Amino acid sequence: MESIKNLVKVSKFCLVLLISTFVLPCALPAQQPYMWRLTDEDGLPSMTVYNLLQDSKGYMWFGTEAGLCRFDGREFKLFAAPTAKSRSATSLNEDKYGNVWFRNFAKQIFKIEKDKVHEIALPAHVTDALAYQFNLGDSLMLIDWTKVYVQSIPKKTWTKVAEIKSENDIFWDIHSDKDNGFWLFSQKGISKYKAGKLSIISETEHPQRFFVKDKKLYTFEDTRGRLLVWEQDQKQVLLPDAFTALSKQIIHSMYIDKSQNYWFCTSVGVFGFDRAGKALWAGKVLLPNIDVSRILQDREGVYWITTLKEGIFVLPQLDILLYNQLNSNLPTPVINCMETIGNKTLVLGLNNGVAYQFSAQKGVGLAYQTGQKQQIETMYYHEIYQKLYVGVSNLSVFKIESSVPIEQYSGGALKKIAFLNNQDAVLAGGSEARMARVHPEIAKEPMLDKSWLKYYPLYTKSLNVPIYSQIIVKRTRSVCVDKAKQEFWIASVDGLLLYQKNGVREIFDHKGKSIFGITITQSEDGTIWVGTIEQGLYGLKDYKVVTHLDQSKGLAGNFCRAISIEKNILWFSTGKGIQRYDTQKGDLQLFNKQDGLHTYDVLDLKIWRDTLWVATPKGLLSMHKDSLKTNQTPPLIYIQAFKIAEEPLKLNDTYTLPYHKNNLKIEFQGLAYRSRGEFKYKYRMLGLDSVWIFTNHANGLARYSSLPVGTYEFQVKAVNEDGIESEGMAIIQIVILPPWWQTWWAYMLWLGLLVGTLWLGFWWRLKRIQQKNKIEQDLRSSQLATLKVQMNPHFIFNALNSIQEFIWLNEKRLANQYLGKFADLMRLTLDMSNEKEVSLADEIKVLKLYLELENVRFENLAYQFELAPDLPTESIYIPSMLIQPYIENAIKHGLLHIEGERKLCIEMHQNNDFLICNIQDNGIGRKRSQEIQKVHPKRHKSFATSATQKRLDLLNYGRQNRILVNVLDLPNGTRVELQIPI
């Protein structure tokens, strides 16, 4: 058994060495479908690629000599395994959880989960994991040389389910199908493991290559070239004798695509067969002499081909063929122009002055030698005379079966040839345009008719120069003849010119601007189509523009150098691809590099035998005219990263963020491999703005530097090169929380504080009003008390006694005067009691009346008012009846008890914002007055000790400037100092 293992190891090593070092003979070079290539210059870790996989998310994975990498359409990401004993990666698989698995040449198995590489622990005593596979469930199967193990992935426990007992047999490969089963291949046959049972399918078949599709197993016998299909454990020979050409090839792998085409990757290229077993490309090898390891068709229909030394080739479509000097017998890849000879032959004008007959089956045929080593600018086949006119710097005329020109004429760097009739041609050249008779055998006949000769007379006639008329001595680019109207159009450096029998005129566009054409042609309905340098494509009827297409109306570019027309379909180049225009429906389709166009430098177009032929400096391209189809496969779109201030967060569907973490960056990735980077993104942040923002594939991110508080939904789509959007959107829900002072509970707190503040304010205001009312009431009571004291019965009684005494003494005049003053005092006192403040003048008036009345009953009372000269008594207002009680106290408690002259002085002046009032008497003083009060307690109670002080307290409530009273005891009398704010 050990000897068998060693033999197998040695044989496999030799096979790999043979594959990587030798190239076997193959079919002769021929045309190839257009492919673009990925190499180490694009970031591919190694040019040797063993295996490939497109995962369920749409990413492409490649197992290379330098390790496993993932390709997203822009860059390769290499996944290094820290515990790997070999850098190589092969046997790529994906489990039901989306994890990618691979194996290296050291027979270790690894799993990539969340972009991290994990080594899988093998069963005990197993050192060589020869192969492994998954089924649709959670089972992983592994084969050793003689044993088969199954692991339940969630449990990660291995169970041995089969073992080979024969010494001459070993397992060498395994594969799974969509029936939850495993196909096992050993040296002696095919077995199947399903539902815990291992059953032998065949002991006679020993396939070297196999492929499982759906529930069918396809096996290929290298030695016999037979393809077998196994379904429900029954064998059937598929397409007998179709693959015999492969019997001598080293086949690395086989593959069946979505169209049931069969592919075989060999050491000398790729062999393709359709579902009927017919070889593709007439049996020619794709990528001849290149060691091809694998082929895979992705979700967009694009083929990926991996090689062992040449990197990766990407094939967008099968029926787009490229002919150049490398894969055909073309002497040069530069094809300048084309012409067809009936329905039999395509003629190619090259850059060496030689035109070649060409067919897809035979390649280059008869060569038309002009003898000029310059590029052929134009060709025209005359059906009546069966002659080919080839324009270089001069004009050469060939019979279609001869390579030597039968006639040559001076042409003046010809750009285009058109025939006005069967013998007269219009030649557009680099220096002039001319009308020429190019058939000397009919030169005796008059050239054109007299109408043309009137404007374009004959210029010259010689053996080497045809009879011609010079039309315009300026650079011209193209010419088109309307034979039905017997007129022609010329595209010149001065504009688009129309030549008729009655003269020439310039045709302008619908805006009155000149049309600078580079090519002109006419469709079957009579429309003149003009391709321009930078104005797009014009369609003219009845000498007016009826159609104008440019970039604003769907053109990929405004430079239209080549046009080909078939009925109502126009094909034209735009500088950024070839476009197909249906003149009846108005539909535009684009054929560019994403679809298989190998260059945008298109020199000529020709529809011939249902095939579109494209002449370019990089070869001749052909495709069926109906193969141009919109890429209807929606691209895929994923969110790649979510960052706050450049710090990545774990990727989630929903984020709830505090208000200060609102500097967001969202990175996203679209997958549209056929677009080759020409797809776009559209994104928006609902809640902030509903308008979509477009950006190209290289700018797959969105920034929001200061997202306001709120709830948002970020949406992003990918849009492929044909405008097809991804079916769904990548979405992230974002909530920016408000600061705590803007939360609902904070608002409730603010509301509570506001209500509390309002309530406290209301309560305080109510208390102030109540207090104010109480103070006003107390003031009113104080004023009444003051009035009551001022109008006390003792004072009234004394006043009335005085009046009575004057009457008794028959002092009618004095009685009348006293009575009048008494009445005035009563009236003023009552009036002032209703006022909060009175003028100082009114207060002094009342004081004087009061003192005059008191002076009548007091003897020797001398009083005086000393008012400052500048004291404005009329404009100063003080509380009413404020000073009088202090004067009354001075009289009743100070002056009443002394003998001799009684003096009372009232002095007033202004000190800033205060009225200073000093009341000074020469009475007995406060001490002597208090002693008298003790002896005579029933006498009139001092007003100053009760009502006056209470009223002062009320008046001073809430005042910033208070009314101050200062009482001074003098050696002879008392001095009261009042400081009243004004």
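The crossing of α6 and α7 is right-handed, meaning that the near helix is turned clockwise from the far one by less than a right angle. The contact (heavy atoms within 4.5 Å) involves Glu843, Leu847, Tyr850, Leu851, Glu854 and Arg857 on α6, and Gln884, Ile887, Glu888, Ile891 and Lys892 on α7. By class, five of these residues are nonpolar, one is polar and five are charged. Here Ala, Val, Leu, Ile, Met, Phe, Trp, Tyr, Cys and Pro count as nonpolar, Asp, Glu, Lys and Arg as charged, and the others, Gly among them, as polar.

The model is predicted, with local features needing pLDDT of at least 70 and side-chain atom pairs pLDDT 80 or more, while totals for chains, interfaces and linings use all residues. Residues are numbered from 1 along each chain as its sequence is written, and side-chain values use heavy atoms, leaving out hydrogens and water.

Helix α5 spans residues 812-833; helices are DSSP runs (H or I, at least four residues) and strands likewise (E, at least two), numbered from the N terminus. The buried residues of α5 include Tyr818, Phe822, Leu825 and Met832, where buried means under 20% relative accessible area, exposed over 50% and partly exposed in between (1.4 Å probe, protein chains only).

Most residues other than glycine have a negative phi. Asp542, however, has a positive phi of about 55 degrees, and Tyr543 has a positive phi near 70 degrees. Asp542 counts as exposed because its relative accessibility is 60%, whereas Tyr543, at 23%, counts as partly exposed.

How values were computed:
The expected span of a helix is 1.5 Å times one less than its number of residues.
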